[in-house]
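Open the model in your viewer and keep the selection tool at hand. This tour goes from one selection to the next and says what is there.

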Amino acid sequence: MLELIVISTLNGVLFGMLLFLLSSGLTVIFSMMGVLNFAHASFYMLGAFFGFQLTKWIGFWPALVLAPLLVGAIGMAVERYGLRNTHKHGHVAELLLTFGLAFAIEEIVSMIWGKSPLDYRVPALLDFPAFTIFSTNYPAYKIFMLAVSVIIFVVLLIVLKRTRVGLIVQAALTHPHMVGHLGHNVGRVFMAVFGVGSALAALAGVIAGPALVTQSDMAASLGPILFVVIVFGGLGSLPGAFIASLVIGLVQTFAVALDGSLASAFGPLDPSAGPSVLTDIWNVTIAQVAPIVPYLLLVIILIVRPMGLMGTRE
Amino acid sequence: MSTAMTSTSKVPAEAAGGSLRFYGVWLIGIIVLIVLPMIFSSGGLLTSFSLIGIAIVFALSYNILLGQTGLLSFGHAVHYGLGGFAACHMMNAVVSHGWPIPLPFIPLFGGIGGLVFAMIIGWVMTKRAGTVFAMISLGIGELVASSSLILRSVFGGESGITTDRTALPKLLGWSFGPQLQVYYLIAFWLVLSAIAMYALTRTPLGRISNAVRDNPERVQFIGYDPHVVRYIAYCFAGFFAGVAGGLTAINFEIANSALLGAIQSGLVLFSTFIGGTAFFFGPILGAILVTYLQLGLTNLTTAWQLYFGIIFIGIVMYAPGGIAGLLMMHRPLIRAGTLWTVIPSYFVAIVPTIALACGVILAIETVARFSGGDAINLFGIAFNPTSPVTWIAAAVLVVGGAFVARLTWRRIAEAWDRAATVARDRGYLA
C-alpha cells in the first residue's frame, strides 16, 4: 500500500507538472487576450511529433531545443495572421478559429505520421532506473521530466515577477490600453506571449512523447482535461492553474492505480435483481472511472464555486 | 415603445406581399421534399437524403443556441445521442410490452430524452455565456461520452443498443421497412421541427433570446433574467437535437456511444457555422453541404476531414456570416439594381481561385498518398504523388493561384464598394 502511495504520488506530481506546463501558457494567453486557445493541446502534439522526427534526424538533445522553437514560431504566425485578423469578429470567432485549427492540425499530423502510435524512445543517456523503491525501478527519464518542468516553472515565475519584461506582460494582462499608451507595442507583446505559450506546450510534448503515447489523437484526449484544469483553478489565475494541475494530476494517477469498486467494498449485489444501472455503478472499478474523474470535478466545482478555486471573476 | 411606433408605418405594406412569398418558400420546400424521391429513386440517394434531413434538424437545433442565443456549445451531440438512445429503448419497450405506439411517434420520445437531460444539466451550464459556457459544454460532452461506456446496461457498451423498426405497430399500413417510407418519416419530422423552430424565433422568447445574445446586461435592466432565458433556449435546443437523434435511431436501427461523441458535436458546429448562423436557412444550407461533402468525400480521399477544417477556417476568417451571410449580402445590391457591376469581377476571379483550390487539393493529396503511392485523380487527370512533376505543379498552382487570386479579390472588393455606395445612395443599404 505504501509503495502504491509513494509511486503514485511521484507519477501524479509529474503528470501535474506536465499539465501545468500546458495550462500556464493557456491561462496567460486567456487572461491577456481573452482567447481560449483550443489549439493549445495541438501545439503540445506538434511538439511531440516534431520531437520524434528531429530525434530521428539530429538526436534528442537538439530536438529538445529546436522543436519548441519551431512550434513557437508557428504559434506566433497563428497569432499574427490568424487571431489578429479575426479579433474584430469577437471572441467566439477567435475560439472557433482555434477550434478549426486544432481539427486541421490533428488531420495533418495523422496524414503525415499515420494514426498508430509512434516508436518514440527515451534517449539512451537517460534510459536507466534512477532508484529502486519497494522493488520498483523508477526510470531516470521521469526524474528528468520532473526536473525540466520544475525548472521551467521557476524560470517562468522569476521572469514574470522579477523582470521588466514580466512587468510589461503583467500590466498588459489587465490594462492593455495603458501599456500601449506608455509606448509599448501591445500587439508584439501578445504575439510573443502566444509564441512562448505554444513553445512551452511543445516542450511538454517533446519530453512527454517518449514517456506517454505519441499518437495523432493525443491532443484530442488531453485538450478537454486542460480546459477542466483552467476552469477548475479559476480562469486567468496562474496559482489556481498550478494547484488545479497538481490536483487533477494526482487524482487521475491515483484513480488509475486503485482497483476497488463498490462491490469489493460492500460485497456483490443480489444477482437475482438482474443487470441495471445500479449494478453497472456497483461493479465499476475506480480505475475504469479514472477518465471521467476530471469532468466530475468540473461539474462539482461549477455547482459549489462557479468562479473556480482561485478565480476572481464570476 | 418608440421603435414600435416608428416601425408600424412600414410593416403592413411589406406584410401583404411578404406573407405570400413567405408561405410560398415553405410550400416549395415541402413540395421539393415530397417530389425528391420520385425523381432520384436510387437506394444510395435515398439514404443520403435521409441523412441530410436528419442533419438539417440537428443543425437547426444547434442554431437555437449558437445563432439565436449566442451560446457556443462543443457538446451538443450529447442531446442528439441521448435522444437516439431514448428512442431505441422506447422502440424496444413498445415491442416487448405491446404498447399501441406506431413508429412515427418515436422521435417525440427521442426529443423528450434530449429535453430531460437538458433540463437537468442546463441550469448549471447556462449560468454563464461565452467562453466559459463553451468550455463547460466541452467538459459535459466528454463526461457523458465517457460515462456511456461505463453504464453498459443503458448504453450497451461498445456495440450499442439495437432495435427493429418494423416490429412496431403499423400506421396506415406502413411498415417502415423500405428506406422510402423512412425517408418520408424523416421528411415529415423535418418539416414539423423546422416550422416549430422557425415559429420559436418569432415568439417573445425567441426575441428575448436574441437580446440576451446581443446585450445581456440591458436585458437584465428591462426585468428579464438572462440565465433563465438561456436555460429555456438550451432546453428547446436539447429537445430538437433529441428529435434528430431519434430519427437517426430509426434510420440506422442502432444507437451507440459514437452518437454522443466529440466528432458529432464538431460536425454540427461545422454545418451550422459554414451555413451561416444569422439567418434561419443558414444551418439548412450548411447541413446539406457538410453531409453531402462527408458522404461524397469519404469515398474519394482519406483526408476529407482536413478539407472540412480548411473550409471552416476560411469561413471563420473571411466570411463569418457563412454561406447564408454571403448570399444575403447581395440582396440590397439586387434591390438597388447595381449587382451587374460586380458580376464581371466575379468571373475574372473564378479562374485563379479554382487554380488555387486545385493546388491546395493536389498538395494535400500528395502528402496523404505519398507513402501509399496511389495515383491522384483530379478532374480526370492522373497525378503520381511521388513524382517531382506533381510537387512542382502543386507549388505553381498554390503560389501563382494565390498571387493572382489576391489581385482579383481586391478587384471584387473595389467593385463591391462602388456598387454598395450606389445602393446606399438609393436607400437600399443602411
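**Stop 1: helix H8 of chain B**

Select H8(B) and colour its buried residues: B:Val182, B:Tyr183, B:Leu185, B:Ile186, B:Trp189, B:Leu190, B:Ser193, B:Ala194 and B:Met197. Keep in mind that this is a predicted model. Now look at the spacing of those positions. An α-helix has 3.6 residues a turn, so residues three or four places apart point the same way. Next, check the length. Helix H8 of chain B covers residues 179-202, and its 24 residues should span 34 Å at 1.5 Å a residue. The end C-alpha atoms are 34 Å apart, which agrees.

**Stop 2: helix H5 of chain B**

Move to residues 106-125 of chain B, helix H5. Where is the kink in H5(B) centred? Select B:Met119: the kink there is about 35°.

Stay in this helix and pick B:Gly113. Is B:Gly113 buried or exposed? B:Gly113 counts as buried because it has 30 C-beta neighbours inside 10 Å, and the cut-off for buried is 20 or more. Leaving aside residues up to four places away in sequence, B:Gly113 touches B:Leu82, B:Gly83, B:Phe85, B:Ala86, B:Ala87 and B:Gly242. For a distance check, draw a line from B:Gly113 to B:Ile310. They are 197 residues apart along the chain, and their C-alpha atoms are separated by 34 Å.

**Stop 3: the domains of chain B**

Colour chain B by domain: domain 1 is 1-39, domain 2 is 40-321 and domain 3 is 331-425. The C-alpha centres of domain 2 and domain 3 of chain B lie 34 Å apart.

Now select B:Val35, in helix H2 (residues 11-39) of chain B. B:Val35 is exposed, with 10 other C-beta atoms within 10 Å.

Then go to B:Glu253, in the loop between helix H11 (226-252) and strand S2 (254-255) of chain B. What is the phi of B:Glu253? It is positive, about 60°, although B:Glu253 is not a glycine. B:Glu253 is partly exposed, with 16 other C-beta atoms within 10 Å.

**Stop 4: where the chains meet**

Show both chains. In chain A, 42 residues are in contact with 35 residues of chain B. Which elements of chain A give two or more residues to this side? They are helices H3 (60-86), H4 (91-113), H9 (218-233), H12 (277-283), H13 (286-289) and H14 (293-304) of chain A. H4(A) gives the most, with 14 residues. By class, the side of chain A that touches chain B has 31 nonpolar, nine polar and two charged residues.

**Stop 5: helices of chain A**

Select helix H8 of chain A, residues 186-211. Its 26 residues should span 38 Å at 1.5 Å a residue, and the end C-alpha atoms agree at 38 Å apart. Of the 26 residues of H8(A), 20 are buried, so the helix is largely enclosed by the rest of the structure.

Finish with the record. An unreviewed UniProt entry places the feature "transmembrane region" at several spans of chain A, including 140-160 and 189-212. Select residues 140-160 of chain A: the span is 100% helix, with end C-alpha atoms 30 Å apart. Residues 189-212 of chain A are 96% helix and 0% strand, with ends 33 Å apart by C-alpha atoms.

Notes:
Residues numbered from 1 in each chain as written. Chains lettered and ligands numbered in written order. Predicted model: local features only at pLDDT ≥ 70, side-chain atom pairs only at ≥ 80, totals over all residues. Helix = DSSP H or I, 4+ residues; strand = E, 2+ residues; numbered from the N terminus. Expected span 1.5 Å × (residues − 1). Buried ≥ 20, exposed ≤ 12 C-beta atoms within 10 Å, placed from the backbone. UniProt positions renumbered as here; feature names shortened; annotations may be inferred. Contact = placed C-beta atoms within 7 Å. Nonpolar A, V, L, I, M, F, W, Y, C, P; charged D, E, K, R; others polar. Bend = angle between axes of the 7 residues up to and from the residue. Domains from an automatic or database assignment.
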